[in-house]
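Thanks for asking me to look this over.

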Amino acid sequence: MLILRDLLVALAILAGATAPVSSAAASSAPEACDGVTVVVEPNALGGDPEVACVQPGEGDTGADLFEKAGHPLTYVTSMPSVVCRVDERPKAAGCAQMPPADAYWSLWITDDSGAWSYASRNVTEISVTSGQGVAFTWIDDDVVTAPATELGDAVGAPSSPSPELSPDDAPSGSTPAAEHLPAWVAPAGILALFTVAGAVWWRRR
């Protein structure tokens, strides 16, 4: 009965191969915030992005929210509304004049959909309300890039779809190669295996 046993083992493997792969390995967005989500992305300056939820007070500007989140701001001497350093970085930056166009802190806020939008005013002038996000991200070239931090549900916007898992991300014991098989493969394979098993049993009677 070795052939029959092998067929039954193959049947179990085929049935298990079609089980959905968990997406637990996918990164999740920050937890929902009932205030303002404050983000600082140092990028080339080193360090991971920092995300905090801050309760805005009456009359608070964006600058107040960064201070509340524990991110002190240093301003350009000649233009007090322009930020030169965040968290005392970059230390080598001279704050007597405007930062260069390829090395500065860019300011972003979220729009109604939760997507990042380049701020049209300085941090001391913008007003950010609960349910929104505000971010400083370091630019180290002449290409302006929106913050990489996706807030999703943190600001009430739809969460971004979870990325497809690569074979390395799949849970232990799964069979990534079978993840994309058509839906009819499993039933057809099971039927074929039962047919072969029956034929083997009949011939061995």
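1. A definition to start with: a residue counts as buried when its relative accessible area is under 20%, as exposed when over 50%, and as partly exposed in between. Please keep in mind that this is a predicted model. Phe136 has a relative accessible area of 2%, so with the cut-off at under 20% Phe136 is buried.

2. What arrangement do the rings of Trp105 and Phe136 have? Their planes stand at 75° and their centres are 6.4 Å apart, so the pair is edge-to-face. Trp105 sits in strand S5 and Phe136 in strand S7, so here the parts tied together are 31 residues apart in sequence. Trp105 has 6% relative accessibility and counts as buried. Phe66, Trp105, Phe136 and Trp138 make up one aromatic cluster.

3. Trp105 also turns up in the second largest pocket, where Val82, Tyr104, Trp105, Tyr118 and Asn122 are the residues nearest the centre, out of a lining of 17. Strands S4 (79–86) and S5 (104–110) are the elements that give two or more residues to this lining, and S5 gives the most, with 4. The pocket holds about 300 Å³ of space. By type, its lining has 13 nonpolar residues, 3 polar and 1 charged.

4. Now to strand S1 (residues 36–41), where 6 of 6 residues are buried. Val36, Val38 and Val40 point to one side of S1, while Thr37, Val39 and Glu41 point the other way. S1 pairs with strand S2 (residues 50–54) in the antiparallel sense through 5 bridges, and Val36 is found opposite Val54 there. S1 also runs parallel to strand S7 (residues 133–139), again with 5 bridges; Val38 has Val134 as its bridge partner in S7.

5. Last, the charges. Side chains of opposite charge can pair when their charged atoms come close. How many salt bridges are counted? The count is 1, between the side chains of Asp60 and Lys68, at 2.6 Å from N to O. Asp60 is buried, at 15% relative accessible area, whereas Lys68 is partly exposed, at 46%.

Definitions and conventions. Residues numbered from 1 in each chain as written. Predicted model: local features only at pLDDT ≥ 70, side-chain atom pairs only at ≥ 80, totals over all residues. Heavy atoms only, no water. Salt bridge = Lys/Arg side-chain N within 4 Å of Asp/Glu carboxyl O. Buried < 20%, exposed > 50% of the residue type's maximum accessible area, 1.4 Å probe, protein only. Pairing = 2+ DSSP bridges. 1 Å grid on protein atoms, 1.4 Å probe; cavity = no way out; pocket = protein on both sides within 12 Å on 5 of 7 lines; lining within 4 Å. Points joined across faces, edges and corners; volume = space filled by probe spheres on them. Nonpolar A, V, L, I, M, F, W, Y, C, P; charged D, E, K, R; others polar. Phe/Tyr/Trp six-rings, centres within 6.5 Å; stacked < 30°, edge-to-face > 60°.
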